Amino acid sequence: MLYKTQNFLCAVMLALLLAGCGKSTPSNTFIPQTSIPSGLFSENEKSYLYDLFLTEYYWYEHVPQPFDYSAYTSPQPMIDDLKYSALDRWSF
């Protein structure tokens, strides 16, 4: 009797586990950098990226201050110029 109960519980647990593994649709969709048209990198986004480097970046003390980000038309060149290349080989 104990063997049948254990098998039943295992089957129920397996069914619940598999039911929770269904395909879901993401609430936000990642847009690859190559698909962002140039000119859509707004001043607010530039400011946000710069502030992010100042507050969250590990080598924040090496971020240039002041920094003129008005000429950038896409995020990647700005990231490349802001990151501390001497030690940072992980940020991309």
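These legends walk through several close-up views of a predicted model.

Local features are described where pLDDT is at least 70 and side-chain atom pairs where it is 80 or more, while totals for chains, interfaces and linings use all residues. Residues are numbered from 1 along each chain as its sequence is written, and side-chain values use heavy atoms, leaving out hydrogens and water.

**View 1. The protein chain holds three helices and zero strands.** Starting at the N terminus, the order of elements is α-α-α. Helices (H or I, at least four residues) and strands (E, at least two) are DSSP runs, numbered from the N terminus. Of the chain's 92 residues, 20% count as buried; buried means under 20% relative accessible area, exposed over 50%, and partly exposed in between (1.4 Å probe, protein chains only). Take the contacts (heavy atoms within 4.5 Å) with a separation of 6 or more: residues 24 or more positions apart account for 55% of them.

**View 2. Helices α2 and α3 pack at an angle of about 25°.** Here α2 covers residues 43-56, and the two axes are 11 Å apart. Axes are lines fitted to C-alpha atoms, for helices over the stretch in contact, and angles run from 0 to 180 degrees between N-to-C directions. The angle makes α2 roughly parallel to α3, a label for angles under 35 degrees; over 145 counts as roughly antiparallel, 65 to 115 as roughly perpendicular and the rest as oblique. On the α2 side, Lys-46, Leu-49, Tyr-50 and Phe-53 make the contact, meeting Pro-75, Met-78, Ile-79 and Leu-82 of α3.

**View 3. Lys-46 and Glu-43 form a salt bridge.** Their side chains meet at 3.1 Å, N to O; a salt bridge needs a side-chain nitrogen of Lys or Arg within 4 Å of a carboxyl oxygen of Asp or Glu. Both residues sit in α2, three residues apart, which is about one turn of the helix. Lys-46 is buried at 4% relative accessible area, whereas Glu-43 is partly exposed at 43%. A search of the whole structure finds one salt bridge.

**View 4. Lys-83 is buried without a salt bridge.** This residue is in the segment after α3 (75-82). The nearest side chain of opposite charge belongs to Asp-80, 5.1 Å away; Lys and Arg count as positive and Asp and Glu as negative, with His and the chain ends not counted. Leaving aside residues up to four places away in sequence, Lys-83 touches Phe-53, Tyr-57, Asp-88 and Ser-91.

**View 5. Tyr-57 is a buried residue in the loop between α2 and α3.** Its relative accessible area is 9%. Beyond four places in sequence, the residues that Tyr-57 touches include Leu-52, Val-63, Leu-82 and Tyr-84. Tyr-57 also touches Ser-91; these two are 34 residues apart along the chain, with C-alpha atoms separated by 9.4 Å.

**View 6. A cis peptide bond joins Gln-65 and Pro-66.** Look for an omega of about -5°. Pro-66 is placed in the loop between α2 and α3. For background, most peptide bonds are trans.

**View 7. Leu-87 is partly exposed in the segment after α3.** Its relative accessible area is 48%. Leu-87 and Trp-59 are 28 residues apart in sequence, and 8.6 Å separates them in space, C-alpha to C-alpha.
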